[in-house]
Amino acid sequence: MANENMTKAIQLMVRTNMSQKEIAKKIGVNETTISRWKQLKDFDEIRFQEERLYLGELASPALRTMRDLLNAKSELVRYNAASDILDRTGFKPIDRQEITGALGVQFIDDIGGEGG
């Protein structure tokens with residue numbers, strides 16, 4: 001079962017670049033305690049939930065950044081941003097399109113003249 005310190009440790013792991021040693025010091029536990037927590041099933045479940053929550057919080061700013069890149073000075077940056085947005089929203093480019101149909105061919109002889 002998760003306690004408050006384990007939950008804090010997980011939040012710091014997901015949301016910062018702090019080392020395990022730094023996290024242990026910040027929350028007031030031994031580094032080996034964090035190592036033991038990592039072996040628990042609850043730890044992985046809570047970390048997964050925290051990662052999903054954090055990614056959800058980052059989604060809106062990330063979308064705004066992609067939108068802003070549509071106005072970048074670089075044509076390549078604008079193209080890549082537009083392409084990425086379209087890909088992520090399900091608008092996939094068509095690589096190849098087959099065209100079928102029965103069209104009659106008509107030959108016009110415009111070389112020959114009257115009388116031969």
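Predicted model: local features only at pLDDT ≥ 70, side-chain atom pairs only at ≥ 80, totals over all residues.
Colleague: What does the secondary structure of the protein come to?
Modeller: The protein has 5 helices and 0 strands. Read from the N terminus, the order of elements is α-α-α-α-α.

Colleague: How many residues are in the protein, and what share is buried?
Modeller: There are 116 residues in the protein, and 15% of them are buried.

Colleague: And what does the accessible surface come to?
Modeller: The accessible surface of the protein is about 10,000 Å². Carbon and sulfur atoms account for 53% of that surface.

Colleague: Let us turn to the helices. How are two packed helices described?
Modeller: Two packed helices are described by the angle between their axes and by the distance between those axes.

Colleague: Then at what angle do the axes of α1 and α4 cross?
Modeller: Helix α1 covers residues 4-15 and helix α4 covers residues 41-69. Their axes cross at roughly 45 degrees and come within 9 Å. The two helices are therefore oblique to each other, and their crossing is right-handed.

Colleague: Which residues meet there?
Modeller: From α1, the residues are Met 6, Ile 10, Gln 11, Met 13, Val 14 and Arg 15. They meet Asp 42, Phe 43, Ile 46, Arg 47, Glu 50, Glu 51, Leu 53, Tyr 54 and Glu 57 in α4. By class, the residues of this contact divide into 8 nonpolar, 1 polar and 6 charged.

Colleague: What about α1 and α2, how do they cross?
Modeller: Helix α2 consists of residues 20-27, and its axis comes within 10 Å of the axis of α1. The crossing angle is roughly 140 degrees, so α1 and α2 are oblique to each other. In this pair, α1 passes α2 in a right-handed crossing.

Colleague: Which residues of α1 are involved in that contact?
Modeller: Asn 5, Lys 8, Ala 9, Leu 12 and Met 13 belong to the α1 side. On the α2 side, they meet Ile 23, Lys 26 and Ile 27. The contact has 5 nonpolar residues, 1 polar residue and 2 charged residues. Met 13 is also among the α1 residues that meet α4.

Colleague: Which residues of α4 meet α5?
Modeller: Met 66, Arg 67 and Leu 69 in α4 meet residues of α5, namely Val 77, Arg 78, Ala 81, Asp 84 and Ile 85.

Colleague: How far is Thr 33 from Met 6?
Modeller: The C-alpha atoms of Thr 33 and Met 6 are separated by 9.1 Å. Along the chain, the two residues are 27 residues apart.

Colleague: How far apart are Leu 55 and Arg 15?
Modeller: They are 40 residues apart along the chain, and their C-alpha atoms are separated by 9.9 Å.

Colleague: Last one: what share of the contacts join residues at least 24 apart?
Modeller: Among contacts between residues at least 6 apart in sequence, that share is 42%.

Definitions and conventions: Residues numbered from 1 in each chain as written. Heavy atoms only, no water. Axes fitted to C-alpha atoms, helices over the stretch in contact; angles between N-to-C directions. Helix = DSSP H or I, 4+ residues; strand = E, 2+ residues; numbered from the N terminus. Parallel < 35°, antiparallel > 145°, perpendicular 65-115°, else oblique. Left-handed = near helix turned anticlockwise from the far one by under 90°. Contact = heavy atoms within 4.5 Å. Nonpolar A, V, L, I, M, F, W, Y, C, P; charged D, E, K, R; others polar. Buried < 20%, exposed > 50% of the residue type's maximum accessible area, 1.4 Å probe, protein only. Areas by Shrake-Rupley, 256 points an atom, 1.4 Å probe, with all protein chains shown as cover.
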